[in-house]
Amino acid sequence: MANSVSPKKVLMICGDYMEDAEAMVPFQALQAYGLSVDAVCPGKKSGDICRTAIHLASPRQTYAEYRGHNFTLNATFDEIDASTYDGLVIPGGRAPEYLALNESVLNLVTHFAKSGKPIASICHGQLILAAAAATSDVIKGRKVTAYPTVGPVLIAAGAHWVQPETLASCTVDGNLITAASYSGHAECIRHFIKALGATVTGSNKRILFLCGDYMEDYEVFVPFQSLEALECCSVDAVCPNKKAGDTCPTAVHDFEGDQTYSEKPGHDFTLTANFHDVDASSYDALVIPGGRAPEYLSLDPAVIKLVKHFMDAGKPVASICHGQQILSAAGVLKGKKCTAYPAVKLNVVLGGATWLEPDPIDCCFTDGNLVTGAAWPGHPQFIAQFMSLLGVQRGWMLNSKSRREHVAYRVK
């Protein structure tokens, strides 16, 4: 049943050099779940970009920083009405250092705190909460975690500091949800959508991600953590010749005015299972990220065998961008309707599929058991269509006079 009411609205406070994943993962994951998300930045308008930063573990005494994707804002800061939003998300990175000095930002945070609306803040985003504590009870006496170096500031602001056991740690205190880093996205998002009144149902599904070195950063992190946040699903990520705990380097592919996309180093992605121990029959669905990894993965007989298992069995398969190079090499596209990154059209057509033009680039399509997308801007559609094949259903408590009203609908 389609949703017949306006979706709940979430506001995300952005800034230059916010952490790349800490902006895009919640932004696209929440949209995939059916929420409307507005991303704003002081002094900027809809269509402007924020530069992002990639923070990585380092052998040095602190993390390393690299340039991330360019994040496009979809609303104008000076035009927002905070009363129309149901929740607030604050990414980390370096942006909170200067956003914490902005009175308009602090007034926004204070509004959400005083109204009891859910606030999800991650990593260094808690610097903004600490600054807002000077004029309101945003965090005074509240349990709060964050990236460990933010602890002294939170303690000085009156918070009950919770030392993160790992960088995936997440703490919930009433309407306040805080996480230590992007590693904790799944739990943080799960608590946030629950606080917004979500119900997510569906039989337990096991999902496998087929990973490789220099897969696109967003195209693995966003769907993996979005699906990991669902209690009705379990997710594993594997890569040939690697085992659980190993990492794959990722690539940041962006559109910066050149004749093709640019590439920068991305986050390291940690695998959760051993490739050679994987029993494909024990998984219900497969996800194939894009990037440069599919070029060499498509030459691996074990990868081809794995992909054929899922397609021959009619299990849900979701592939994005250059991932369709693997589908073409596996010979499973014959008779299918399929899109991909435009440069991969040749692979798709020679593989026997009917080409679906991705216009605009965020278009995604479902044909039987197969969901295909052209590039990471399409993640909200891509993930939503995949969840539909998985039988995942969502419901939301409505903002109404009777707070008992409820609507449930299946992802379209």
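This is a predicted model: local features need pLDDT of at least 70, side-chain atom pairs count only at pLDDT 80 or more; totals for chains, interfaces and linings use all residues.
1. Overall make-up. The protein has 412 residues, and its secondary structure consists of 12 helices and 25 strands. Its radius of gyration is 21 Å, close to the 22 Å that the globule rule gives for this length, so the protein is as compact as a globular protein of 412 residues. Along the principal axes, the C-alpha atoms fill a box of roughly 65 × 55 × 40 Å.

2. Of the 412 residues, 58% count as buried, that is, under 20% relative accessible area. Among contacts with a separation of 6 or more, 69% are between residues 24 or more positions apart.

3. Surface and charge. The accessible surface of the protein is about 16300 Å², and carbon and sulfur atoms account for 50% of that area. There are 34 positive and 41 negative side chains. The centres of these two sets lie 6 Å apart.

4. A three-stranded sheet. Strands β2, β4 and β5 form an open sheet in the order β2-β4-β5, with mixed pairing. The edges are β2 (18-19) and β5 (64-72); each has a single partner strand, so one side of each is left without a neighbour in the sheet.

5. The two pairings of β4. Strand β4 covers residues 49-56 and pairs with β2 in the parallel sense, over two bridges. With β5 the sense is antiparallel, and β4 and β5 share seven bridges. Ala53 of β4 can be followed across the sheet: Glu19 stands opposite Ala53, and in β5 the bridge partner of Ala53 is Arg67.

6. Cover of β4. This strand is mostly covered, with six of its eight residues buried.

7. A parallel pair elsewhere in the chain. Strand β13 (residues 205-210) pairs with β15 in the parallel sense, and the pairing runs over six bridges. Within this pair, Leu210 stands opposite Val238 of β15. Strand β15 spans residues 233-238 and is mostly covered, since five of its six residues are buried.

8. Points to check against the structure.

Key
Residues are numbered from 1 along each chain as its sequence is written. Side-chain values use heavy atoms; hydrogens and water are left out. Helices (H or I, at least four residues) and strands (E, at least two) are DSSP runs, numbered from the N terminus. The radius of gyration is taken over C-alpha atoms; the globule rule is 2.2 Å times the number of residues to the power 0.38. Buried means under 20% relative accessible area, exposed over 50%, partly exposed in between (1.4 Å probe, protein chains only). Contact means heavy atoms within 4.5 Å. Accessible areas come from the Shrake-Rupley method with a 1.4 Å probe; for residues, only the protein chains shown count as cover. Lys and Arg count as positive and Asp and Glu as negative; His and the chain ends are not counted. The place of a charge is taken as NZ of Lys, CZ of Arg, CG of Asp or CD of Glu. Two strands pair if DSSP finds at least two bridges between them.
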